[in-house]
Protein chains: 2
Amino acid sequence: MATDRQATARAHSNIAFIKYWGNVDDDLRLPANPSISMNLDALYTETTVTWDDSLSADMLRLNDQPESGGALERVSRHLDIVRQRLNISASARVASRNNFPMGAGIASSASAFAALTLAAVTAGGATLSERELTTLARRGSGSASRSIPAGFVQWEAGIDHETSYAHSVAAPEHWDLTDIVAIVSADHKAVGSTHGHTSAGTSDLQAGRLRGASARLEAVRQAIASRDFRAFAETVEHDSNLMHAVMMTSRPPLFYWHPASLTLMGAVRQWRAEGLDVCYTLDAGPNVHCICTTAHAPEVRRRLEALDIAAEGMIDILQAGVGGGAQVLD
Amino acid sequence: MATDRQATARAHSNIAFIKYWGNVDDDLRLPANPSISMNLDALYTETTVTWDDSLSADMLRLNDQPESGGALERVSRHLDIVRQRLNISASARVASRNNFPMGAGIASSASAFAALTLAAVTAGGATLSERELTTLARRGSGSASRSIPAGFVQWEAGIDHETSYAHSVAAPEHWDLTDIVAIVSADHKAVGSTHGHTSAGTSDLQAGRLRGASARLEAVRQAIASRDFRAFAETVEHDSNLMHAVMMTSRPPLFYWHPASLTLMGAVRQWRAEGLDVCYTLDAGPNVHCICTTAHAPEVRRRLEALDIAAEGMIDILQAGVGGGAQVLD
């Protein structure tokens, strides 16, 4: 096995239409339900990994800043998994950079751990199947498994490490959707997703959310297959509401919505009632992802910008189409 | 049975700590779970009923305005139940008045149907047990059953008309609590409670809410008995969150929270963390009921008033202590 080798990989962020919330195995990050998402072409992480026998410990630079503490520790734990798989003993230099603003409140762990996994494996001289890459990426961050394949991606819940993998259900070109992200807060999350997943089971409502998850996923998969925006929209919003209902009823409760989130959710529902192909979904944070057909994206964006931004608490807007899979650069 | 007789009754509004949401029998208004509340001394309805053989149909005045259509129809249907019970054939003149502003967004159906029931029964010359009055009032509006007994009141879910009754669990003097109501909107509800109750079963989460309802009610009942505000507060907020989680995940979803509701809920949680004895609960509307010990009420009110009212979307503040039961006047 080659060491002292280097590779760079790029992976896109993704937005889930059927959400991942709660694990059946926190260590393996085996999710309590399958999920489905699309990659976001304009939002990505590029990561270079250099295996270096002369290092005494892993080193990490994030957006050109040296990192220690929690961030380095989490990367190092993930590198341990790659080291074990590839039989590498060296430490690594890792340099990672997001093309989206760090403070924008956009989750970076999916793109970060997908890029890290692909770069670390490639730098180690191995060529693994896409399926195995998704399972390795999952160990770093569950949703990272969905940032490995291209386009619209389904992550099977599975029953163990090997069966909990992600795969593309449609190529990026299949359906021309756009995610217009209304950035409501740049704050770091009060409660990160990793901790949140462990709290999902404390809600009396999680079982009810899980019971219908496979049926909702199938509805979204079929809506994607047939490009049926109306069917897609109802289920996507419903699934987001279900996840936040579970969050708000966990012990202690997790409230991710800001007042402006609620305003924007109401506006999006109203716009759809008026005929626009747009729906909302929110991850574990206050930002409102407005998923729309690209044909309707200019009008959605116009209406978002026409809202009184200061009054509504919206501080920025990002926009992305459907993205490809993780790839090795140069 | 006497006819052409008149009586006036007063009944207080109430605020539920464990919520009523969803029926097992919509016609009988048999609730899916038991609930518990306190009456609100400062908010009440006074209703005069006159049985009059010379009338060809029931007549209704609400706050001095003659009413027809839906409001009259609902009152008339309730009078049918009283007519049947008391074997009355006459129609009635009904004059009802709330002492709180009509447009304040405060639910009036609980106090209205409790006062209507007691006035109609008394004018009919009958003296029924408190228990039977609560079951009759329930037929007009479920929560009206809780406005018949005094103080802190529990409404048993029951299995039929006779067993679904309300009773006092503590007198008004038992615990000196105050409800400071932050009025966020004076709008009439987009979806009234009666319709909402029938939609509760469309949420995948209602079963999970119901499964724990009796345990939560017991926790609140014990917290009231021992005047344990901290235990009370956690369960009351949790139960409110659970009901709104069910609402938001019904098909179609019911969103009662306004952005200002979310702001106020966060402020109340923060104030309690800082040591104030206060918690929130919201009915099927955006107004935030801040339940506090009366000792802490002035500070809670001061902080509410110190919020930038225009920016937070709060338009008024009402305040009430623990109220007595429905009573016949003069």
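Tutor: Gladly! Keep in mind that this is a predicted model. Let's start where the chains meet: the count between chain A and chain B is 2 salt bridges.

Student: What makes Arg216(A) and Asp204(B) a salt bridge?

Tutor: Their closest N and O atoms are 3.7 Å apart. The cut-off is 4 Å between a side-chain nitrogen of Lys or Arg and a carboxyl oxygen of Asp or Glu, so the pair qualifies.

Student: How many residues of chain A and of chain B are in contact, and how much area do the two chains bury?

Tutor: There are 24 residues of chain A in contact with 24 residues of chain B. Between them the chains bury about 2,100 Å², 68% of it on carbon and sulfur atoms.

Student: And how many salt bridges are there over all chains?

Tutor: The count comes to 38. One of them joins the side chains of Asp58(A) and Arg83(A), at 2.8 Å from N to O. Asp58(A) sits in the loop between β4 and β5 of chain A, while Arg83(A) belongs to helix α1 of chain A, and the two are 25 residues apart.

Student: Why are Asp58(A) and Arg83(A) called buried?

Tutor: Buried means under 20% relative accessible area. Asp58(A) has 9% and Arg83(A) has 11%, so both meet the definition.

Student: Which residues are linked with Arg303(A) and Glu274(A) in a network of salt bridges?

Tutor: Glu299(A) and Arg302(A) belong to that network too. In chain B, the side chains of Glu299(B) and Arg302(B) meet in a salt bridge at 2.9 Å, N to O.

Student: How do you know that Glu299(B) and Arg302(B) are separated by about one helical turn?

Tutor: They are 3 residues apart in helix α9 of chain B, which means about one turn lies between them. In general, an α-helix has 3.6 residues a turn, so residues three or four places apart point the same way. Glu299(B), with 25% relative accessible area, is partly exposed, and so is Arg302(B), with 49%.

Student: Let's turn to helix α6 of chain B. What puts its buried residues on the same side?

Tutor: The buried residues of α6(B) are Ala213(B), Arg216(B), Leu217(B), Val220(B), Ala223(B) and Ile224(B). They cover an arc of only 125° around the axis, so they lie on the same side of α6(B). What covers them includes β1, β4, β8, β9, α5 and α7 of chain B.

Student: How does the reach of α6(B) compare with the span expected?

Tutor: Helix α6 of chain B has 13 residues and reaches 18 Å from its first C-alpha to its last, close to the 18 Å expected. After α6(B) comes Arg227(B), with a positive phi near 50°.

Student: Why is α7(A) described as largely enclosed?

Tutor: Because 17 of its 20 residues are buried.

Student: What is Val220(A) in contact with, and is this residue buried or exposed?

Tutor: Val220(A), in helix α6 of chain A, has 0% relative accessibility, so it counts as buried. Leaving aside neighbours within four places in sequence, its contacts include Phe17(A), Ile36(A) and Phe232(A).

Definitions and conventions:
Residues numbered from 1 in each chain as written. Chains lettered and ligands numbered in written order. Predicted model: local features only at pLDDT ≥ 70, side-chain atom pairs only at ≥ 80, totals over all residues. Heavy atoms only, no water. Helix = DSSP H or I, 4+ residues; strand = E, 2+ residues; numbered from the N terminus. Expected span 1.5 Å × (residues − 1). Buried < 20%, exposed > 50% of the residue type's maximum accessible area, 1.4 Å probe, protein only. Arc of directions from axis to C-beta. Contact = heavy atoms within 4.5 Å. Buried area = accessible area lost by both parts, 1.4 Å probe.
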